[in-house]
Amino acid sequence: MKIKNKKWYKLDNAAKIFPPNINKKDSKVFRFACELYEDIDKTILQNALDKTLEEYPVFLSSLKKGLFWYYLETSSVTPLVTEENKAICDIIDKDLLFRVSYYKKRINLEVNHSLTDGTGTLAFLKSLVSNYLIEKYNIKSKIIMDTTSVYEKEIDSFEKYYSKNKKINLTKSIKAYNLKGEMYPENRLKIIEGVVSTKKIIELAKNYKTTVTVYLTSVLIKSIGETMSVKERKKPIVVTVPVNLRKYFKSNTVRNFFNTISVRYKMNGNDKIEQIIESVDKQFKQYLQIDNLNKQMNSFAVFENVFIIRLVPVFIKDVVLKYFHSRSRKEQTIALSNIGIVEMPKELQKYIKLFDVFASTDCTQICMCSYLDNMVLSFTTHFVDSEIEKNFFKILNKNDIEIVINTNIVEDDDYEEVL
């Protein structure tokens, strides 16, 4: 692939925290995958990747370290499709911030968070899968996955919506209940995913008069609470939830454009799911008000817009960002990310079984997405113990949700208890 003109981009506001905090335990990489009904053809997938990069040139970027900030620059590396040969969410070389691999019927797209967020990655994967299927099955129907211009895809929406006149929203630091336990050696990442019916989960959430995200966040809190001792209940469970800002501010960027909200709940030992849902639902409604999102977005952006801070060398900023990242970890218990519904053109639907998503983590995280009637709930963790995951799926199963469990841990065969 020939590079016509080299371009460079400032890292968006959300991306600045990631480069100094990449390590073997948490690579800041997430994986989206699409499972088809037939085995992958490597040559066609390479053709599809080349075509998709013409639509999303910002993905062809490397991460550079400047005097004052990190930045993105057009990479000279040619992206090549490979059969899967690395651990899931393994560190990605900074010379190219994504990789595409395949295994049997699965197409994998892994991305360094410095480049984009879940929404941007999903947009790229959908185009990649579409281009692959159109060529493989010689589909003649004109399928247009995205009408967004290259300019719109590359824009920094944090900068676009930053307003120095807005009040900064500072919140008091609260220590959360932190998960502890034996971890796998060599930074091994355990994955446990449950495939459930999208329709039944939506119906279940409606029965509780709430949304899918609020319901599953509440189930997650209850699952953690059931593992806590009386002493540990003194600290709140805090679930951090990324919020796609494109739903609230007009933007078609494929770069990072998200905030996170922190949902808190203090267990008393006899908590019913209805109580937890009521509390979580109230917090979601409060945090997701447009004014609160605006204040939070500006509080994050203000520091990079203060002239004196901009003059601080990057190696000092690295130390500060590592400190704030470490402190933020003490203020959260677990992370939950709901990518939402993945939609594909009708002409392609019969070739696709499901989509799923995983994220690297230095603790535990759950990611979820749904395609047609397959919703995939994926836990990633370094902990050997799987009680939280088991509790989570048991709660769903007790509500008549059938679950297919998959895991990359061969010796973890206790899941027959769940189903």
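Phenylalanine 158 is placed in helix H4, which covers residues 157–161; helices (H or I, at least four residues) and strands (E, at least two) are DSSP runs, numbered from the N terminus. At 3% relative accessibility, phenylalanine 158 counts as buried, where buried means under 20% relative accessible area, exposed over 50%, and partly exposed in between (1.4 Å probe, protein chains only). The model is a predicted one, in which local features need pLDDT of at least 70 and side-chain atom pairs count only at pLDDT 80 or more, while totals for chains, interfaces and linings use all residues. Residues are numbered from 1 along each chain as its sequence is written, and side-chain values use heavy atoms, with hydrogens and water left out.

Threonine 210 is found in the loop between helix H5 (198–207) and H6. Threonine 210 counts as buried, at 12% relative accessibility. Between threonine 210 and leucine 60 there are 150 residues in sequence and 40 Å in space, C-alpha to C-alpha.

Helix packing was described next. Two packed helices are described by the angle between their axes and the distance between the axes. Axes are lines fitted to C-alpha atoms, for helices over the stretch in contact, and angles run from 0 to 180 degrees between N-to-C directions. Helix H6 (residues 212–225) and helix H7 (residues 273–287) have axes that come within 9 Å and cross at roughly 125°. H6 and H7 are therefore oblique to each other; angles under 35 degrees count as roughly parallel, over 145 as roughly antiparallel, 65 to 115 as roughly perpendicular and the rest as oblique. The crossing of H6 past H7 is right-handed, and a crossing is given this name if the near helix is turned clockwise from the far one by less than a right angle, or left-handed if anticlockwise. H6 also packs with helix H12 (residues 387–398), at an angle of about 130° and with the axes 8 Å apart. H6 and H12 are therefore oblique to each other, and H6 passes H12 in a right-handed crossing.

The structure holds 19 salt bridges, a salt bridge being a side-chain nitrogen of Lys or Arg within 4 Å of a carboxyl oxygen of Asp or Glu. In one of them, arginine 106 is paired with aspartate 356, and the closest N and O atoms are 2.8 Å apart. Arginine 106 lies in strand E7 (residues 106–112) and aspartate 356 in strand E12 (residues 352–359), so the pair ties together parts that are 250 residues apart in sequence. Arginine 106 counts as buried at 17% relative accessibility, and aspartate 356 counts as buried at 0%.

Glutamate 226 forms a salt bridge with lysine 222, with 3.9 Å between the closest N and O atoms. Glutamate 226 is partly exposed, with a relative accessible area of 45%, whereas lysine 222 is buried, with a relative accessible area of 19%. A further salt bridge joins the side chains of lysine 285 and aspartate 281 (3.0 Å, N to O). Because lysine 285 and aspartate 281 are four residues apart in helix H7, about one helical turn separates them. Lysine 285 counts as exposed at 56% relative accessibility, and aspartate 281 counts as buried at 16%. Salt bridges that share partners join Glu35, Arg106, Glu193, Lys353 and Asp356 into one network.

Backbone angles were also examined. Lysine 104 has a positive phi of about 55° although it is not a glycine. Lysine 104 is placed in the loop between strand E6 (98–103) and E7, and is exposed, with a relative accessible area of 52%. Asparagine 138, also a residue other than glycine, has a positive phi near 50°. The loop between helix H2 (118–136) and helix H3 (150–154) contains asparagine 138.

Phenylalanine 315 is placed in helix H10 (residues 314–330) and is exposed, with a relative accessible area of 55%.
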